[in-house]
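Let's take a walk through a protein model together.

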Amino acid sequence: MRIFSKTFFVSLLFAVLLLYVLFTQVWYVGVLRTAKHIDWRFTVAAFVAYLGIMAIRALRFRFLLDKKLSFLDFLNIVFVHSFLSNNLPARSGEMSYVYLIKKSGRVLDGENV
């Protein structure tokens with residue numbers, strides 16, 4: 001997998017566009033005031049828990065597909081799948097799992113996905 005592919009640059013452009021939109025809509029004083037009162041231990045603990053949950057999901061999917069993809073491939077799929085499932089309407093993000101598994105080329109059509 002190439003790191004600097006066309007998809008990477010499109011994703012980067014999309015992320016920069018989203019950040020621009022976010023920063024034009026945010027009241028900075030309120031964000032800074034809120035950030036001063038955050039207990040960062042809980043934030044770090046939540047982030048570690050989130051990464052752990054994603055790792056467990058990746059292991060589960062890897063086990064269900066008889067280890068046809070590496071753990072890191074499944075971890076990437078789980079991150080994208082989770083993001084799309086949570087942000088697209090009508091649970092249409094659920095299709096991303098099947099699409100990404102098929103795109104890997106290691107799982108044949110008709111196999112359990």
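This is a predicted model: local features need pLDDT of at least 70, side-chain atom pairs count only at pLDDT 80 or more; totals for chains, interfaces and linings use all residues.

Start with helix H3, which covers residues 40-64 and so has 25 residues by the DSSP runs used here. From its first C-alpha to its last, H3 reaches 36 Å, close to the 36 Å expected at 1.5 Å a residue.

Which residues of H3 are buried? Met54, Ala58 and Phe61 are. The cover over the buried residues of H3 includes helix H4 (71-87) and helix H5 (95-104).

Now turn to those two helices. The axes of H4 and H5 come within 8 Å and cross at roughly 150 degrees. Because angles over 145 degrees count as roughly antiparallel, that makes H4 roughly antiparallel to H5. The crossing of H4 past H5 is right-handed.

So who touches whom here? On the H4 side you'll find Phe74, Ile77, Val80, His81 and Leu84, and they meet Ser96, Tyr97, Leu100 and Ile101 in H5. Sorted by class, this contact has seven nonpolar residues, two polar ones and no charged ones.

One more stop: Ser82, which lies in helix H4. Is Ser82 buried or exposed? Its relative accessible area is 8%, so Ser82 is buried, since buried means under 20%. Setting aside neighbours within four places in sequence, Ser82 is in contact with Tyr50, Met54 and Arg57. You've already met one of these: Met54 is among the buried residues of H3.

How values were computed: Residues are numbered from 1 along each chain as its sequence is written. Side-chain values use heavy atoms; hydrogens and water are left out. Helices (H or I, at least four residues) and strands (E, at least two) are DSSP runs, numbered from the N terminus. The expected span of a helix is 1.5 Å times one less than its number of residues. Buried means under 20% relative accessible area, exposed over 50%, partly exposed in between (1.4 Å probe, protein chains only). Contact means heavy atoms within 4.5 Å. Axes are lines fitted to C-alpha atoms, for helices over the stretch in contact, and angles run from 0 to 180 degrees between N-to-C directions. Angles under 35 degrees count as roughly parallel, over 145 as roughly antiparallel, 65 to 115 as roughly perpendicular and the rest as oblique. A crossing is left-handed if the near helix is turned anticlockwise from the far one by less than a right angle, and right-handed if clockwise. Ala, Val, Leu, Ile, Met, Phe, Trp, Tyr, Cys and Pro count as nonpolar, Asp, Glu, Lys and Arg as charged, and the others, Gly among them, as polar.
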